[in-house]
Amino acid sequence: MSLWVSPPAEPPPLVAIAPVEADLPAGVQKELLGLMRSLEYLAQVGPVKPNTLPPRKPNNPPLIPPPAPKGEPLNVISDRQEYNLNTQTFTAIGNVRVRYAQGELRADRVSVNLITQDTQAQGNVFFQRGNQIVRGEQLDYNYAKQTGTLTQAAGVIDLATLTDPNPRRLPADTASGSIFIAAIAGEAQGGVRRIGFTAEKLILQEGNVWTAENLRVTNDPFSPPELELITSRATLTPISATQDQLDLEAPTLAFDRVFFLPVPINSVTFDQFQRPFSSLIAFDRQDRGGAYFQQSFDVVKNTDFNLRIAPQLLFQRVFERTGGLFDRDLLGLVLEAQGSLGDGQFISARGSLSSLDFSQIDKNLRFNLRYTRNVLDDHRLDVSYAYRDRLFSGSAGFEDVTNTAGATITSPNRTLGDSGINLNYQISAQIVNAIRADLQPSTVGTLGRLQSAVTLGRSFTLAQGEPLPAERDTGLRYSPQPIVPSLSAFVALSGVSSLYTNGTNQNVLSGTVGLSTVLGNFSRDFFDYTALSVSYTQSFIGGLSPFRFDRVSDQRILTAQLLQQIFGPLRFGIAQSWNVDTGNLFDATYSLQYDRRTYAVLIRYNPNQGIGELVLRISDFNWTQPPSEVTNVQGGIERQN
């Protein structure tokens, strides 16, 4: 039905339209379009951040919502619509639905004043764009000023699909106890995806800045939530087209609304960089003398560059040193930098000091620098330099490689037709300065090394059970996604060829067979989860490396891994590797973890490598696990952890 107003001599102040999908005056359409576009920005917590956008400089002016694309229809449906010609106010009343592109606004009443450019939505306000949802009691917004408020706000944000408005169905979407249409995506950890929030008031400011009062954020789809981030005030500011900054006042993590843990973070940056959690308790026997505490701080947070400094307190040395609190050996330091050069190019650097005694810097400093980009469409090129890289070579133990510089091209995982066989490969060229075992006595020497490696592998599902329903007391009781019981076998064949500039070579052909099983659903209190894996690797070696660190010392390896529920969310893990020829247990990791649907607390220790850590893992946040202090060498090639 078209809106048509005749021009009588004394125009009536009000024109009523009933029930209704109307063509609106241009001014009304403009105001509603502005409101819908701004709501999209609110729902996605800041501007869309596609990787294809050109980088912006920090001193660029704040972003504003782009104009609505031409040709996109805007429809208003309601029980009744009114247009006051005197006040130039449009009002839609009763079951109001405003639809534009992939977004929809619902309310009991929506009004637009074309003179003041004020828009108001009242009663059961609901906005949805794909998976982005915002609710509230009343929304007041001024399109000209691009400011407004939303009271009693609540919402769902899926940061994985901000540029994709099509909804996805996840495990808990249909759960009967779900408080919002969202769930924790059961995908690999890392990267913010879906979260829900409530706030007494959301204040929309110019430049797409918003401030929330009494904000509560959770990644739990059920109520009451297991985990919440609570703050009295939070402000989110778009720094650029690819970066947002969330500033928090005295944030606290609430566990089951019983235990409250202050968080030493007052600012979180959402961008293309991955960051470890700011606080870390870890163990490093070789470099740091045992247990230590690390606290990280962002020094520079630009659009394309991030610099972090992480002082360390090596508190186990306190009991072993006599130099007092001012002993330089009680302090360590880590510096990390990440930068984006555009076109998918990244550069990163990490320097670590295990003591602030600079007279011993040659023994305390470790450093690496890496440049990464895509080549050949889907391959990755890494150009790197490392000083005193710390390598662990199985039964041969540790070695510090003094200098390594080179380039590596790595393929993606490929599936060969319909065979189910996965293929990946890499080739590298390096200059290596390390201890040479072919010289007597063994001394540090420099050689060039050309390496190639290829791996073929396939897994076979022998049996598979059914997951429990995605409910809070069944399939999602202790796990972010329902556990699927299964039994599978796997086989792998890998070859590594190493050529050295002194004319020597080392060639390794390895085959691996194994079985893995998952028993139980991790839902009941006792022994309802067992993950077991056993594998055997046989290697055939031709030639011998002139270096000590990449010589293959374990030709026949038996590896077993177990993760077992003990009681409730408590699980114990063990992974061990033996040299079958000598019976030597050369590598082992033990873990104790407390797993919940939304978070996990993990204690892990490797006595062979002398490293361990206490990790708080929060599902779906871009806090990654800290990088390993040790690089493992397997089959004569370094495997990045």
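The legends below describe close-up views of strand pairing and of backbone geometry in a predicted model. Residues are numbered from 1 along each chain as its sequence is written, and side-chain values use heavy atoms, with hydrogens and water left out. In this predicted model, local features need pLDDT of at least 70 and side-chain atom pairs count only at pLDDT 80 or more, while totals for chains, interfaces and linings use all residues.

**View 1. Strands β24 and β25 form a hairpin.** Strands here are DSSP runs of E with at least two residues, numbered from the N terminus, and two strands pair if DSSP finds at least two bridges between them. Strand β24 (residues 365-375) and strand β25 (residues 379-392) run antiparallel and are joined by nine bridges, with Y371 standing opposite V383 in β25. Three residues lie between the two strands, and L376 in the turn has a positive phi of about 50°.

**View 2. Strand β25 also pairs with β26 and with β39.** Twelve bridges link β25 to the antiparallel strand β26 (residues 398-410), where R390 stands opposite D400 in β26. The hairpin of β25 and β26 has five residues between the strands, and G394 takes a positive phi near 60° there. Strand β39 (residues 631-634), by contrast, runs parallel to β25 and is joined to it by two bridges, with L391 opposite T631 in β39.

View 3. Most residues other than glycine have a negative phi, and most peptide bonds are trans.

**View 4. N95 and N124 have a positive phi.** N95 is not a glycine, yet its phi is positive, at about 50°, and its place is in strand β5 (residues 89-100). N124, also not a glycine, has a positive phi of about 50° and sits in strand β7 (residues 118-129). Are these residues buried or exposed? Buried means under 20% relative accessible area, exposed means over 50%, and partly exposed lies in between, with a 1.4 Å probe and protein chains only. N95 counts as exposed because its relative accessibility is 58%, and N124 is exposed because its relative accessible area is 54%.

Definitions and conventions. Helix = DSSP H or I, 4+ residues; strand = E, 2+ residues; numbered from the N terminus.
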